[in-house]
Amino acid sequence: MTEPTPPSLTLKQLLIVHRHGERVPVRHVERIHQPGSHAFNLLWNQCSVPPFITALHEFRQSFEPALPQSAFGFLSRFAHAPHYPPIIGELKILQGDRDELPPYLFSRSSRLQLDKKTKDCNLCHPGQLTDKGKQTLLTLGNSIREKYTDSLHFLPSILTPHFTTHNLYVRSTGYIRTIESVQYLLGGLFPFQTRELGQQVTIHVKADENMYIDFKCKKLMDLVEPFKRAAHDRYKDAMEKLMTELTAKFPEEPKENKDGMVDMSTPGSFIKPSAQKQEKFSIQQIDAFYDTFKAMKAASLPLPKGVTDQDVESLGKIFMEYFLGGFVDASYSPQQGSEVKRLFTGRFVGDLLDVLKTRVEKPLNDPYGIKLALFSGHDTTIGPLLVGLGLFNGERREWPMFGANVTFELFEDVKAGKVAPAAADDRHFVRVRYNGVAQKLDFCQARGSHFVGDPTLCTYKAFNDAMKLIVPQDYCAECKL
C-alpha cells in the first residue's frame, strides 16, 4: 500500500525490522511425529534449497581451532551453493567479545540427534528456515525493490561497492534462520544480475543482543508479574480444556534439556521449570504443541488427526496471552507503562533512534551515511517493538506472522529549508509502516506533531521525543530490584 507523499518531502533513510521466514519447529516433539513416519517426512524434509551459507563458513574459520569441527559438521553439505551465489561473506561482532556469543549460533545436540535418525539430505535442522521461508524473504526483498528502487528511485538498482560500504547497514541476531533470512531479503532486493559475483556485505551480530526480551531483567519481570497472572487467569479454563484434549491424543511428556533449561520457540526465553509456578500445564508444554502445529500450517501440511484449525487458532491465542499478554497489558498501565516499555524494548528502540539521528544530521545530498538499515529478528523483536510504538492493540494484538516487518521512512522537507532556515528536527518527518501499511501513532496526532494533512507523517521531533522516553539511561541499574 503506497500513500501519496507530499511533493516537498524527499525520502532520506529507510529502516526495516523484519521477522525471519517460515521455519520448522525448534525441536522435534516425538509425541507428535515419530522419525521416519510420513508426517515426520512431510514436516522436516523442507530444506532442499541450498542456503546462503558462506557467511557461516567464513565465521567458522575465525573460531578454529577453538571450537571442534563437529560443531559445524551440519554445514558441510552446503559448502557450495552454485545456484545461489552468496552476497554476505563476513560476520562482524558488535559490542562484545566473540567468546560471549551464545552457542545457538553454531549447533545444538538436537541437530546431531536428528542426523542419527535419518540420512535424508533434505532434512531440516530444528528451527531452520524452510524453502518456503527463504522464498518469503526473497519476495519481501523483491517488494522492497519494486517500491523503493523501481517506483521511488530511492535505492540503487545496482549494488555498488560504495553503497555496501557507506550506505548499507545489516544486523541480525545470532540465529542461523535470521542470518539466512536477511541474506534472502538482500537476494530479492538486489537480484543476481544487479551485483558483481562475489560482492560481499557485512552482517553485524551483537554479542549482547537486545532485539528480543531479556528475561533476566528482574525489575521488568517484577513489574509484569501481576499482569501476567491476570492474563493467565483469563485464559486458564480454555487452556486447560484444550491442553487436556491434546495431551490425551499425544500422551508422551516432552523431554527437558540436559542442563535443566527448557528451550522455548521464542528467542531469549530459556526458563528453569523450578522457577515457574506449578500449573496443570506449563507454557513450555503449550509451546511444544503450538510451535509444531503452526509450522505445519505455515507449510500447508495437514494437521494431525483430531487437531482442527480452530484448535491451532485457539492455542495460538492462548500462547500469545500466556507469553506476551502480561507484558502488553503492563505497557499500557498509566502508572508503570513507560518503565515497562524501557525495559521491554527500549534498548533496541535506542539503537533505531541512533541510526535515524545519523541521517538527520547529514545534508540530503551527502553521499555518505546509512540510507538503508536492515534488522533481522524474531517474533519477539517485532512484538515488543509494536508495543513500544503503541501499535500492539485491537486487531494488531496477535502474534507477528513469519516475515512480519516494521518499516521506518525518514523524510526531509526540502521546501522548508528554502523558504526559511529551519532546524533539522523541524525539517524531518518519520512514517512507520507495519507489513507495508502506514500507521497513525497516538503521540503524533496532536496539532503540530505531524505533516499537515497526513497524520501518518510524524514530525521527527515528536517521534524522537516520544520514543526517547522509553530508552533506558542505565539499563543494568534500572533492571535491579
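Analyst: In what follows, helices (H or I, at least four residues) and strands (E, at least two) are DSSP runs, numbered from the N terminus. This is a predicted model, where local features need pLDDT of at least 70, side-chain atom pairs count only at pLDDT 80 or more, and totals for chains, interfaces and linings use all residues. Residues are numbered from 1 along each chain as its sequence is written, and side-chain values use heavy atoms, with hydrogens and water left out.

User: Happy to start with the overview: how many helices and strands are in the chain?
Analyst: The chain has 481 residues. Its secondary structure comes to 16 helices and 12 strands.

User: What percentage of the residues in the chain count as buried?
Analyst: Buried means under 20% relative accessible area, exposed over 50%, and partly exposed in between (1.4 Å probe, protein chains only). Among the 481 residues, the buried share is 57%.

User: And what share of the contacts with a separation of 6 or more comes from residues 24 or more positions apart?
Analyst: A contact here means heavy atoms within 4.5 Å. For residues 24 or more positions apart, the share of those contacts is 81%.

User: Let's look at β7: why is this strand described as largely enclosed by the rest of the structure?
Analyst: Strand β7 covers residues 372-377. L372, L374 and S376 point one way, A373, F375 and G377 point the other way, and all are buried.

User: Which residue of β7 stands opposite I16, and which residue stands opposite V170?
Analyst: Two strands pair if DSSP finds at least two bridges between them. β1 (residues 9-19) pairs with β7 in the parallel sense over 6 bridges, while β3 (residues 168-172) runs parallel to β7 and is joined to it by 5 bridges. I16 stands opposite L374, and the β7 residue opposite V170 is L374.

User: Where is H153 placed?
Analyst: Most residues other than glycine have a negative phi. The phi of H153, however, is positive, near 55°. H153 is also exposed, at 63% relative accessible area. Its place is the loop between α4 (131-151) and α5 (161-167).

User: Does S300 count as buried or exposed?
Analyst: S300 lies in the loop between α8 (283-298) and α9 (309-331). Its phi is positive, near 60°. Because its relative accessibility is 60%, S300 counts as exposed.
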